[in-house]
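Here is a short briefing to read alongside the model. Have the sequence and the 3D view open, and take the topics one at a time.

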Amino acid sequence: MCVTAVESRPAGVLAESPGHRPFGARAKAFVALTKPRVIELLLMTTVPVMFLAAEGVPDLWLVLATCLGGYLSAGGAGAYNMYIDRDIDALMDRTSQRPLVTGMVSPRECLVFATALTVGSTLWFWYLVNPLSAMLSLGANLFYVVVYTMILKRRTAQNIVWGGIAGCMPVFIGWSAVTNSVSWASLVLFLVIFFWTPPHYWPLSMKVKDDYERVGVPMLPVIAGNKVVAKQIVLYSWVMVAVSLSLQPLGYTSWFYTVVAALLGGFWLKEAHALQTRARAGITGAKLKEMRLFHWSITYVSLLFAAVAVDPFLH
């Protein structure tokens, strides 16, 4: 399913000549290409895992190197995403101010920038962290760009489910940066993020489903009613909470993490079921309050991974 933007100035065509684009605005636009708010979440899962893998405080230079490499890699993937999606970004209210749509950055500049970040991050990881982390980082980048953006996003309502695998990879990268390996603990946390991603993103998709419908992107809320979406959110939520509680039985965490995970998970399930109740009642618009779960999901993952980082000091 493909949509081509039809407008007086196609996305990416410069609104003004390069000489009239202020340096500060241009710099800000290039930063925006990296999707820094998304990267905040990625780093939020990377660093705590490094503490768990090190069973304490990891080498701080290694943490810095891993974070910078992760920013460059995810930033490259974000820039590629904006290059590929510039046609639909021009038609969606939520993305209408992205740099390629406004013309602050040209498509060619974006493509060169994305490639430089991807190559640079891979070399950075390879030489300053370790080759395994470099390959995991490159794999996450390619998965997000090719599998999610180019193949899944415009073709299936399962796009965010399987495409979300790219967002789970920082867990493996954080663990491998410290141990040069992966483990059952990193796999459990990978699965927590995997099952967290759909119920995190679907409430936002419910809010802006008119945008996705306009450009023909089959997000689940576009092709299914709120009742179906809310039911899926509840199902994924229960699995996510169950997986999050498996770290202590596997011997990787103490009671502290388990208590925090149980409390956070309980509140999450309360919000998920409340959304399902409102959806079943046929409530729509602002009263559906779907964004409550979206905002809580960010708090949930932040506090859960904070507990992951603190727990090694309580053994």
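Helices α2 and α15 are roughly parallel to each other, because their axes cross at roughly 20° and angles under 35 degrees count as roughly parallel, over 145 as roughly antiparallel, 65 to 115 as roughly perpendicular and the rest as oblique. This is a predicted model, in which local features need pLDDT of at least 70 and side-chain atom pairs count only at pLDDT 80 or more, while totals for chains, interfaces and linings use all residues. Residues are numbered from 1 along each chain as its sequence is written, and side-chain values use heavy atoms, with hydrogens and water left out.

**The pair α2 and α15**

- Helix α2 covers residues 36-54 and helix α15 covers residues 290-310, and their axes come within 7 Å. Axes here are lines fitted to C-alpha atoms, for helices over the stretch in contact, and angles run from 0 to 180 degrees between N-to-C directions.
- The α2 helix passes α15 in a left-handed crossing (left-handed if the near helix is turned anticlockwise from the far one by less than a right angle, right-handed if clockwise).
- On the α2 side, the contact includes Leu41, Met44 and Phe51, and on the α15 side it includes Ile298, Val301 and Phe305. Contact means heavy atoms within 4.5 Å.
- Sorted by class, the residues of this contact of α2 with α15 are 11 nonpolar, two polar and no charged. Ala, Val, Leu, Ile, Met, Phe, Trp, Tyr, Cys and Pro count as nonpolar, Asp, Glu, Lys and Arg as charged, and the others, Gly among them, as polar.

**Two antiparallel pairs**

- Helix α10 (residues 184-207) and helix α13 (residues 226-244) have axes that come within 9 Å and cross at roughly 155°. The two are therefore roughly antiparallel to each other.
- The crossing of α10 and α13 is left-handed.
- Among the residues that meet here are Phe195, Trp196 and Trp202 in α10, and Ile233, Tyr236 and Met240 in α13. The contact of α10 with α13 has 16 nonpolar, four polar and no charged residues.
- Helix α7 (residues 131-152) and helix α9 (residues 165-179) also have axes within 9 Å, crossing at roughly 175°. That makes α7 roughly antiparallel to α9.
- Leu136, Phe143 and Tyr144 of α7 are among the residues in this contact, as are Met169, Phe172 and Ile173 of α9. By class, the contact of α7 with α9 holds 11 nonpolar, three polar and no charged residues.

**The whole chain**

- The protein chain has 15 helices and zero strands. Helices (H or I, at least four residues) and strands (E, at least two) are DSSP runs, numbered from the N terminus.
- How does the radius of gyration of the protein chain, with its 315 residues, fit that of a compact globule? The chain has 20 Å, which agrees with the value near 20 Å for such a globule. The radius is taken over C-alpha atoms, and the globule rule is 2.2 Å times the number of residues to the power 0.38.
- Along the principal axes, the C-alpha atoms fill a box of roughly 60 × 55 × 30 Å.
- Of the contacts with a separation of 6 or more, 76% are between residues 24 or more positions apart.
- Buried residues make up 54% of the 315 residues. Buried means under 20% relative accessible area, exposed over 50%, and partly exposed in between (1.4 Å probe, protein chains only).

**Residues to look up**

- Lys35 sits in the loop between α1 (23-33) and α2. Its phi is near 55°, a positive value in a residue other than glycine, and Lys35 is buried, with a relative accessible area of 15%.
- Glu55 lies in the loop between α2 and α3 (60-84). Although Glu55 is not a glycine, it has a positive phi of about 55°, and at 68% relative accessibility it counts as exposed.
- Leaving aside neighbours within four places in sequence, its contacts include Tyr148, Lys153 and Met219.
- Gln276 lies in helix α14 (residues 255-280) and is buried, with a relative accessible area of 8%. Beyond its neighbours within four places in sequence, Gln276 is in contact with Ala230, Lys231 and Val234.
- Gly285 lies in the loop between α14 and α15 and counts as partly exposed, at 49% relative accessibility. Gly285 and Trp126 are 159 residues apart in sequence and 49 Å apart in space, C-alpha to C-alpha.
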